[in-house]
Amino acid sequence: MKLAIVGFGPRGLHALENLFLELSKIKTSNKIDISLFETHKELGSGKVWDTQQADLNLVNISERGLQDLQGRNEINYQQFVIPNFPSYTDWCFENDRADKKDVDTFPPRNKIGNYLKERCKSILKVLEKENCVQTYNTLITDINQKKEKLILKDIDKNQYEFDEVLLTIGHQTTEIPKDIKKYQENALNGNFICLPNVYPIQKIIDFEAENKNIAIRGFGLAMIDAVRALTIGNGGKFVYKKPTNFESEFKTSNKIPNKIIPYSLDGLPVIPKPLSEKIDNQFAVSKEQLKAFENRIREVANNKENVRDNSFLIEEYAKITANIFLNIYYRREEDDLTEEDIKNVIFKWLTNQEFKHKLIQKTNIPTEKLIYNYVQMACGKKKISLDFCAGQVIRHCQPTLYKSFSHAAISEEIIADVIQFDEKMKRYSYGPPLESMQQLLALHKANILDFSVVDNPNIQFTKNGWIFEKDNHEIRVDCIIDSVLSSPELLKVNTPIIKNLLRNDVIQPIHSKLGIHTNTNGTIIFDDKKTNASISVLGRLAKGSVIGVDAILECFGPRVNDWAKGLVSRI
């Protein structure tokens with residue numbers, strides 16, 4: 001039996017591990033030949049976790065959160081042994097890089113990349129020696145079915161024949177947004193630049209930013225990476241005033257931009273994660289609450305309860321949030337709000353984030369003040385607002401939601417509704433390290449980070465550059481960087497392999513705005529009837545069939561094992 005794994009980052013690595021784990025449980029003399037196709041030079045880490053990227057690229061999950069990145073047990077298969085590999089936390093201790101602190105620390109992405117790279121080498125060393133695995137550093141552009149075989153074609157027109165193919169190709173490029181296309185055309189007519197994406201970050205570090213005004217489209221995590229590249233990457237330094245909460249001052253260099261100008265459709269910042277485990281524990285969801293939450297989600301996912309939209313999920317979040325908020329809320333004597341009252345408030349806000357209430361943080365204030373307020377909440381120095389509490393509660397509930405709602409047996413419209421809500425709440429639940437938000441404040445105080453046009457500005461191109469205007473305030477811009485990452489909308493993906501699979505009617509989206517329709521075991525579904533068991537998809541491109549595909553922990557989640565079990569059953 002011949003298997004191809006196309007895309008060999010973290011998810012492809014874990015798929016290979018799980019495959020041999022499941023094979024070790026059955027007695028078979030069948031030989032399995034596996035080919036790994038990866039365009040990036042580093043196997044196991046992929047582009048996102050490239051070990052050569054700058055240290056300034058931080059992850060948004062703490063070392064404490066990464067305790068859930070489990071290791072690999074020893075695998076005995078036929079006549080050879082695949083050695084065990086430690087969990088991320090144990091690997092840190094073994095490599096003398098663990099740093100126990102009272103505050104949460106967030107590692108650079110290249111540190112996780114080194115972990116993945118070593119984990120990958122330890123299994124490939126054995127499998128290559130046993131002639132079970134071959135690796136190809138090439139781009140697969142097409143997959144065609146010929147009788148019972150799958151024919152893969154690469155960019156150099158080479159062809160490869162397989163019985164099964166697993167796609168774990170991660171983030172794919174999509175059509176360039178219309179406004180960015182226009183800005184690129186503008187840039188051709190003058191000494192100006194429009195960069196269509198942030199990554200790889202080195203190109204921004206290498207960019208000659210001195211004396212320029214640089215606008216960044218987007219106000220999320222990738223924007224923060226771009227800001228750090230333009231400042232730290234150009235010789236600037238953040239000096240801690242208070243190391244206990246990362247409050248800092250910025251010491252500039254002569255290479256950094258004159259101004260950095262972020263902007264987005266709503267101008268709202270991402271929300272920092274709590275400073276420490278102690279502060280975060282205020283928002284911890286009890287085992288009983290999580291179990292009740294899981295039961296309700298599964299009932300809906302299994303179509304045992306008739307729902308019309310995502311309000312069932314919002315109701316559950318509101319109920320848990322109200323209960324937790326009461327335990328941390330400082331109530332005045334005249335305040336007679338009950339748990340039911342708070343539940344109703346948070347339900348209304350989760351349904352419509354323009355809803356206003358005294359418990360909800362006001363957003364119509366200067367951006368720097370808004371960031372400062374959330375930073376103080378994350379430090380435990382300011383009363384927690386109800387929206388901040390809800391965001392942290394949702395973060396604690398998300399793994400259960402992702403596990404319980406994937407492959408839901410309900411309408412695609414409701415699935416899309418749930419995913420849209422989950423994406424919207426990631427401004428709170430997928431927030432950056434507190435340190436990053438303190439750095440934004442320091443850059444604002446240093447008159448480098450400019451929030452004056454952050455909320456959906458009017459943009460015009462002139463012979464002197466782009467003019468950004470908001471509320472009668474104007475600022476001239478020499479360069480625009482797009483930091484908005486494209487969503488995994490299958491019909492907008494423009495990479496050859498996906499376009500060809502769509503053209504040949506091999507795959508279809510579960511919803512027009514979502515990813516590939518798959519079974520629980522990862523095999524693709526077409527027209528809700530036809531299943532192509534020879535081609536499987538795991539990860540971001542299956543968004544809609546599964547939810548919660550972006551986090552590193554999801555690359556090592558149960559869906560990968562479901563695929564391995566399915567493949568072994570077919571063998």
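The expected span of a helix is 1.5 Å times one less than its number of residues. That rule is a handy way into this predicted model, starting with helix α14, residues 434-445. From there, the briefing moves to two helix pairs, α8 with α12 and α9 with α13, and ends at a loop residue, Asn310.

**Helix α14**

- With 12 residues, α14 should span 16 Å, and its end C-alpha atoms lie 17 Å apart, which agrees with that expectation.
- Because 10 of its 12 residues are buried, α14 is largely enclosed by the rest of the structure.
- The buried residues are Leu434, Glu435, Ser436, Met437, Gln438, Gln439, Leu440, Leu441, Ala442 and Leu443.
- After α14 comes Asn447, which has a positive phi, near 60°.

**Helices α8 and α12**

- Two packed helices are described by the angle between their axes and the distance between the axes.
- For α8 (residues 287-301) and α12 (residues 386-405), the axes cross at roughly 30° and come within 9 Å.
- Angles under 35 degrees count as roughly parallel, and α8 and α12 are therefore roughly parallel to each other.
- The crossing of α8 past α12 is right-handed.
- On the α8 side, the contact is made by Leu290, Phe293, Glu294, Ile297, Arg298, Val300 and Ala301; α12 brings His396, Cys397, Thr400, Leu401, Lys403, Ser404 and Phe405.
- Sorted by class, the residues of this contact are 8 nonpolar, 3 polar and 3 charged.

**Helices α9 and α13**

- Helix α9 (residues 311-328) packs with helix α13 (residues 412-429) at an angle of about 40°, and their axes are 9 Å apart.
- α9 and α13 are therefore oblique to each other.
- From α9, Phe312, Leu313, Ile314 and Tyr317 meet Ile414, Val418 and Phe421 of α13.
- This contact has 7 nonpolar residues, with no polar and no charged ones.

**Asn310, in the loop between α8 and α9**

- Take a look at Asn310 too, in the loop between α8 and α9.
- Buried means under 20% relative accessible area, so Asn310, at 12%, is buried.
- Leaving aside residues up to four places away in sequence, Asn310 touches Asp417, Val418 and Phe421.
- Val418 and Phe421 of α13 also take part in the contact with α9.

Methods: Residues are numbered from 1 along each chain as its sequence is written. This is a predicted model: local features need pLDDT of at least 70, side-chain atom pairs count only at pLDDT 80 or more; totals for chains, interfaces and linings use all residues. Side-chain values use heavy atoms; hydrogens and water are left out. Helices (H or I, at least four residues) and strands (E, at least two) are DSSP runs, numbered from the N terminus. Buried means under 20% relative accessible area, exposed over 50%, partly exposed in between (1.4 Å probe, protein chains only). Axes are lines fitted to C-alpha atoms, for helices over the stretch in contact, and angles run from 0 to 180 degrees between N-to-C directions. Angles under 35 degrees count as roughly parallel, over 145 as roughly antiparallel, 65 to 115 as roughly perpendicular and the rest as oblique. A crossing is left-handed if the near helix is turned anticlockwise from the far one by less than a right angle, and right-handed if clockwise. Contact means heavy atoms within 4.5 Å. Ala, Val, Leu, Ile, Met, Phe, Trp, Tyr, Cys and Pro count as nonpolar, Asp, Glu, Lys and Arg as charged, and the others, Gly among them, as polar.
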